Amino acid sequence: MDNCIFCKIAAGIIPSTTVYETEDLRVIADIAPANLGHLLILPKEHAADFTQLSEEKAEKVMKAAHKIVKAMKKGLKPDGINVLQNNGTAAGQTVMHYHMHIIPRYENDNVNVNWTPMEPGMDAVAQAAQATKAALEEE
Ligand code: 5GP
Ligand code: ZN
């Protein structure tokens, strides 16, 4: 996509600190990391978010994530690692080109990926799950 910064970074048109690259994706250092060592997996083909990413590319991203997480554990020796990605502004997505975050974590660091658990009761939990289950059954 013409005006997409991550398309340009993934294609190598805009330089980045690249730690891994394949035909389909590039893994780069996040410019404003949650912790030092924070990486992003960028597919080269533009997809706005996970709903737009093909199953084939999703498999490739997950395969790369598996490789990168193991290398980060070995290389950086963090206390923990978050693998996460945001879809839509409501979910915290700020760059509208699908990407997966790999974030090294340390005991008592300042990174926040927490939420306050609801206590909606089993009926509401089951009803909400049913919406996705029904959509799956329509496929
Ligand atoms: P999101 O909030 O969309 O899940 O994450 C976007 C991430 O991309 C942020 O962590 C942000 O720091 C990173 N980012 C934004 N622009 C650039 C850039 O030009 N280069 C790099 N390397 N990272 C970027
Ligand atoms: Zn893009």
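This is a predicted model: local features need pLDDT of at least 70, side-chain atom pairs count only at pLDDT 80 or more; totals for chains, interfaces and linings use all residues.
Over at D30, a polar side-chain atom comes in at 2.5 Å from an oxygen atom of ligand 1. Then there's I31, where the contact runs through the backbone: a polar backbone atom of that residue is 3.3 Å from a nitrogen atom of the ligand.

Let's step back to the whole shell. There are 16 residues around ligand 1, and the nearest of them are D30, N86, G92, T94 and H101. What kinds of residues make up that shell? We get 9 nonpolar, 6 polar and 1 charged.

Now, which secondary structure elements do they come from? Helix α1, residues 5-11, and strand β2, residues 25-29, each give at least two residues to the shell. The largest share belongs to α1, with 3 residues. As for the site itself, the space that ligand 1 takes up is the largest pocket.

Okay, zooming out to the fold. The protein chain has 3 helices and 5 strands. If you walk along from the N terminus, the order goes α-β-β-β-α-β-β-α. For overall dimensions, the C-alpha trace spans about 50 × 40 × 25 Å along its principal axes.

One last stop, if you want to find it on the screen: A58. You'll see it in helix α2, which covers residues 55-76. So what does A58 touch, leaving out anything up to four places away in sequence? That would be F50 and L53. There's also P43 to look at: A58 and P43 are 15 residues apart in sequence, and their C-alpha atoms are 8.8 Å apart in space.

Note on methods. Residues are numbered from 1 along each chain as its sequence is written. Chains are lettered from A and ligands numbered from 1 in the order in which they are written. Side-chain values use heavy atoms; hydrogens and water are left out. A residue is near a molecule or strand if one of its heavy atoms lies within 4 Å of it. A polar contact is a pair of N or O atoms within 3.5 Å; within protein, one must be able to donate a hydrogen and the other to accept it, and residues adjacent in sequence count only if both atoms are side-chain atoms. On a 1 Å grid over the protein atoms alone, a cavity is a set of points where a 1.4 Å probe fits but cannot get out, and a pocket is an open set with protein on both sides within 12 Å along at least five of seven lines; lining residues have an atom within 4 Å of a point. A molecule sits in a cavity or pocket if more than half of its atoms lie within 2 Å of its grid points. Helices (H or I, at least four residues) and strands (E, at least two) are DSSP runs, numbered from the N terminus. Ala, Val, Leu, Ile, Met, Phe, Trp, Tyr, Cys and Pro count as nonpolar, Asp, Glu, Lys and Arg as charged, and the others, Gly among them, as polar. Contact means heavy atoms within 4.5 Å.
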